[in-house]
Amino acid sequence: MEKLSNPQQTIQVLQKHDFKFKKKFGQNFLIDPHVLDKIVDAAQITKDDFVLEIGPGIGTLTQYLCEHARQVLAVEIDKNLIPILQETLSAYDNVDVLQGDILKQDIQAIADKYNAGKPIKVVANLPYYITTPIIMELFESHVPLANVTVMVQKEVADRMKAEPGSKDCGALSLAVQYYAEPYIAAFVPPNCFMPRPNVGSAVIRLDCLAKTPVEVKDEKLMFRLIRASFNQRRKTLQNGIANSSELSYSKAQVAEAIEKAGFDANVRGEKLGLMEFARLADVLLEM
């Protein structure tokens, strides 16, 4: 069949199956072949690669992935898209479609089954509301990853790349940069999608690091401190941590830890980088 990157073909498939877009799944299907090429190029996919695709939609990007990769597994949450995918991907013998929520899948088992446990490549055109939970679940579960290439809202891509101390820097910036090196491959205007989203998008590749840039004794504690600091970014580091529902330190304990870590008593968390948060986490752990 003709490629789905042709808008007329996409409309024809959607009408044939009487498909209705669902707001809860954040469905926006790509209809620009140049952007699809950029995603495949950014992900550096070769014939040796297994690719896990999250949210294939009607299979527009999946078709391109199948032509470049050894094997593709496409995980789609919307049951109504499964018969469409079976039709649009029928020409390819190197793709499996799994209906389900990616956050409930055993990614390690997928890597073992399809790639002998070796690092896998993940590609996704993600619903914007669930971008962060999916990316963080992939990283925090420590499954073997080579890179993660995702279409995200432009401002989310900017945040992932933001330097500590800058206005765009937040908890997501530090979390991503702890596990990966971000590289923005392309900016994508709304007219490349059907239906058009209200915001600009970006393709970003996250190259997974072999070794984290800082060493910390309790990773989860460090990220709780980071979230507490950025949840109330106008407050001092001391108040942000002491007020956090995720943590149970008194103001006096936090003040003592900040002093022991060698920070100014009135410092704001938004001014700290990974190294400083790791140091503070280690101090609190020792206390």
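A pocket here is an open set of points on a 1 Å grid over the protein atoms alone, where a 1.4 Å probe fits and protein lies on both sides within 12 Å along at least five of seven lines; lining residues have an atom within 4 Å of a point. Of its 13 lining residues, the closest to the centre are Phe-139, His-142, Tyr-179, Cys-208 and Leu-209. The lining divides into nine nonpolar, two polar and two charged residues.

Before going on, note that this is a predicted model: local features need pLDDT of at least 70, side-chain atom pairs count only at pLDDT 80 or more, and totals for chains, interfaces and linings use all residues. Residues are numbered from 1 along each chain as its sequence is written, and side-chain values use heavy atoms, with hydrogens and water left out.

Now for the strands (DSSP runs of E, at least two residues, numbered from the N terminus; helices are runs of H or I, at least four). Take β3, residues 71-76: six of its six residues are buried (under 20% relative accessible area, 1.4 Å probe, protein chains only). Gln-71, Leu-73 and Val-75 point one way, while Val-72, Ala-74 and Glu-76 point the other. On one pairing, β3 runs parallel to β2 over five bridges (strands pair if DSSP finds at least two bridges between them), and Ile-54 has Val-75 as its bridge partner. The chain gets from β2 to β3 through helix α3 (residues 60-68) in a right-handed β-α-β crossover; right-handed means that, with the strands pointing away from the viewer, the path from the first strand over the helix to the second runs clockwise. Another five bridges join β3 to β4 (residues 95-99), also parallel, with Leu-73 opposite Asp-96. That link goes through helix α4 (residues 82-88), and the crossover is right-handed.

Back at β2 (residues 50-54), four bridges tie it in the parallel sense to β5, where Glu-53 stands opposite Val-123. Strand β5 (residues 120-125) has six of its six residues buried. Next comes β6 (residues 145-153), parallel to β5 over six bridges, with Lys-121 facing Asn-147. Helix α6 (residues 131-140) carries the chain across, in a right-handed crossover.

Finally, the cysteines: the structure holds zero disulfides (pairs of cysteine sulfur atoms within 2.5 Å). For Cys-169, the nearest cysteine sulfur, that of Cys-208, is 19 Å away. Cys-169 counts as buried because its relative accessibility is 0%.

Technical notes. Buried means under 20% relative accessible area, exposed over 50%, partly exposed in between (1.4 Å probe, protein chains only). Ala, Val, Leu, Ile, Met, Phe, Trp, Tyr, Cys and Pro count as nonpolar, Asp, Glu, Lys and Arg as charged, and the others, Gly among them, as polar.
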